[in-house]
Amino acid sequence: MAKIAVLGAGLGGVIMAYELRDILGKEHEIVVVNKGDRYSFVPSNPWVAVGWREREDIEVELGPVFARRDIKLHPQGAARLHPQENRIDLTDGSSVSYDFLVIATGPELAFDEIEGLGPEGHTQSICEVGHALKAKEAFQQLVRKPGPVIVGAAQGASCYGPAYEFTFVLDKALRDARIRDQVPMTFVTAEPYIGHLGLDGVGDTKGLLEAEMRQHHVKWINNAKIDKVDSDMMHVTELAEDGSVKATHDLPFAYSMILPAFRGVSAVRDIEGLTNPRGFILADKHQRNPTFSNIFSVGVCVAIPPVGKTPVPVGVPKTGFMIESMVTATAHNIARILDGKEPDAQGSWNAVCLADFGDGGVAFVAQPQIPPRNVNWSSSGKWVHAAKIGFEKYFLRKVRIGKSEPFYEKLALQALGIDKLKSIKLDEDA
Ligand code: FAD
C-alpha cells in the first residue's frame with residue numbers, strides 16, 4: 001500500500017485527491033495537507049468584492065466529504081517540505097510522511113515587492129476570499145464617497161483575466177449604485193497591450209477588450225511598472241517597447257485593486273532541484289519533478305516560462321481547465337508508477353477562460369497555450385455571464401459531492417472538442 005500526500009486543497013488539490021481516489025481504489029492511502037479545513041472557489045472572489053456573493057456561498061467544508069471518500073485531512077498547513085526524507089513538517093510540530101507527493105499550493109502573493117501594495121498597504125486584492133471581503137468594505141466606502149478608481153495587474157503578475165473581469169464587474173456595480181458618473185476608472189497593466197493576458201492574446205482579445213474598455217469609459221496604461229503606492233496616489237512608470245521610459249504617471253485614487261506578482265509558497269521555496277528562483281515547482285511534461293521523481297505538481301505552483309519577452313515582466317496564467325488537465329495527467333501517471341510502469345500522460349495545458357463582466361463577458365480558448373495554435377478562439381456576449389455562473393455552481397457541486405468529473409461534464413467538454421489529456425503515448429525513455 002502506498003501513501004500519497006496532496007499539499008494544498010484549492011482548485012487543483014481537492015480534485016487531485018478525488019481523482020487519485022477514483023483511479024487508485026481503496027487500497028492506497030490518500031492524505032491532504034491544507035491551510036484550513038475549507039475549500040474556497042477563488043474565481044468567485046470578484047463577486048464577493050462587490051457583495052454579489054457571501055463567503056458561505058463559495059466555500060465547502062472539506063472534513064465530511066473527505067471522510068466519505070476515505071481521504072485524511074491535515075488542516076494545520078505545512079511549515080516545510082523535506083523532499084530527501086519524504087516528509088512534510090506541519091505548523092503544529094507534527095509531520096506527515098509520504099511515498100508520493102503532489103504539490104498544489106497555489107501562489108504566495110508578492111505584495112511586498114512594491115511599496116504600499118496590497119491589503120496591508122493601500123490597494124485591495126481579490127486573490128483570497130478574506131481579501132475580497134476587505135475589498136467589499138472599501139467598495140462600500142467608495143459608494144459613500146465616490147472618487148477615482150485604479151484596477152490592474154502589477155509587474156510580474158500572471159493572472160490578467162481576473163483584473164479585466166473585476167474592472168467590468170466593478171463598473172456594473174457602480175452603475176447599479178448610480179455613481180459610475182462620479183468615478184473615473186483607469187486600468188494599469190504590465191501587459192504590452194490590452195488583451196495580451198500573458199498569452200500574447202487569444203483570437204481577437206486585443207480588439208474585444210479594447211472595445212469593452214472604450215464602451216465602459218475605462219482608460220488604460222500598458223507596459224506599466226508600479227513604483228510605489230501612497231494612501232491616495234499610485235506612482236507608475238510606463239515603458240516603451242524598447243524598455244526605455246515613455247512616461248511617468250502620478251495617479252490619484254479613492255479605491256484600487258491590483259493583482260500582485262505570484263511566487264511559490266515558503267514551505268516549498270528554495271529547495272534545490274525542486275523549485276525555480278521564484279519558488280515555482282519544476283515539472284516535466286508528465287507533471288513530475290526532474291530531481292525528486294516521487295513529487296508531482298499541479299496548478300498555479302507549477303513553473304511555466306513566459307510566452308515571450310515583454311518590456312515589463314508578464315507571467316503566464318494557469319486557468320481552471322488547464323489545472324484540471326494537469327490533475328488528470330498526474331493521477332494517471334501515479335497509477336502507472338504504482339503498476340510498475342513509466343508515466344505517459346500529459347496534460348493538454350489548454351487555456352480556457354470565462355471572464356465575466358457582470359452582464360456580459362469575454363471567453364477564450366487557447367490550444368495550446370503558446371502561439372501558433374490549433375485553437376485560437378475568443379468571443380463575447382451575455383452568454384459568458386451565464387456560463388461563469390454555471391462554472392461556479394458546477395465546480396462547487398463537484399467539490400461537495402466528492403467527484404472530480406461527473407459524466408455530463410465529460411460530455412460537455414468533448415462536445416467542445418476540448419480534451420484534458422494529450423493523446424497518451426509511451427514515454428520514449430521507458
Ligand atoms: P489555489 O486554489 O489557490 O489553492 C492553493 C491551496 O494551497 C489553498 O487551499 C492554500 O490554503 C493551500 N496552501 C498554500 N500554502 C500552504 C501550506 N504551506 N500548507 C498547506 N496548504 C497550503 N481560473 C479560471 O479558470 N477561471 C476563472 O474565472 C478564474 N478566476 C480567478 C480569479 C482570481 C481572483 C484568481 C486569483 C485566479 C482565478 N483563476 C481563474 C485562476 C485559477 O483557476 C485559480 O487561481 C485557482 O484557484 C488556482 O488553483 P490552485 O489549486 O493552483 O491554487
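Two strands pair here if DSSP finds at least two bridges between them. Helices (H or I, at least four residues) and strands (E, at least two) are DSSP runs, numbered from the N terminus. With those terms in hand, let us walk through the structure above.

This is a predicted model, in which local features need pLDDT of at least 70 and side-chain atom pairs count only at pLDDT 80 or more, while totals for chains, interfaces and linings use all residues. Residues are numbered from 1 along each chain as its sequence is written.

## The chain as a whole

The protein chain has nine helices and 22 strands. Its radius of gyration is 21 Å, close to the 22 Å that the globule rule gives for 430 residues, so the chain is as compact as a globular protein of that length. For that comparison, the radius of gyration is taken over C-alpha atoms, and the globule rule is 2.2 Å times the number of residues to the power 0.38.

The protein chain is divided into domain 1 (3–108 + 263–343) and domain 2 (111–261), with bounds that come from an automatic or database domain assignment. Their C-alpha centres lie 29 Å apart. The contact between them takes 21 residues from domain 1 and 36 residues from domain 2; two residues are in contact if their C-beta atoms, placed from the backbone, lie within 7 Å. On the side of domain 1 that touches domain 2, the largest share, four residues, comes from helix α2 (residues 45–48). The residues of that side divide into 13 nonpolar, six polar and two charged. In this sorting, Ala, Val, Leu, Ile, Met, Phe, Trp, Tyr, Cys and Pro count as nonpolar, Asp, Glu, Lys and Arg as charged, and the others, Gly among them, as polar.

## Around the ligand

The ligand is surrounded by 32 residues, of which the closest are Gly8, Gly10, Gly106, Gly299 and Gly320. A residue is near a molecule or strand if its C-beta atom, placed from the backbone, lies within 6 Å of it. Both domain 1 and domain 2 supply at least three residues of this shell. At least two residues come from each of α1 (11–24), α7 (320–338) and β20 (351–356), and the largest share, three residues, belongs to α1. By residue class, the shell divides into 19 nonpolar, 12 polar and one charged.

## The sheet β14-β15-β16

Three strands in the order β14-β15-β16 form an open sheet with antiparallel pairing. β14 (224–229) and β16 (245–252) are the edge strands, each pairing on one side only. From one strand to the next the twist averages 20°; axes are lines fitted to C-alpha atoms, for helices over the stretch in contact, and angles run from 0 to 180 degrees between N-to-C directions.

Two hairpins link these strands. β14 and β15 have three residues between them, while β15 and β16 have five, and Gly243 in that turn has a positive phi of about 90°. Five bridges join β14 to β15, where Ile226 stands opposite Val236. Seven bridges join β15 (residues 233–239) to β16. Across that pair, Met233 stands opposite Pro252, and His235 has Asp250 as its bridge partner.

## The sheet β20-β21-β22

A further open sheet of three strands has the order β20-β21-β22, again with antiparallel pairing. Its edge strands are β20 and β22 (375–380), each pairing on one side only. The twist averages 5° from one strand to the next. Strand β21 (residues 361–367) and β22 are joined by six bridges, and Ala366 stands opposite Asn376 in β22. Helix α6 (residues 205–215) packs on this sheet, touching β21 and β22, and its direction makes about 165° with that of β21.

| Strand pair | Bridges |
|---|---|
| β14 and β15 | five bridges |
| β15 and β16 | seven bridges |
| β21 and β22 | six bridges |
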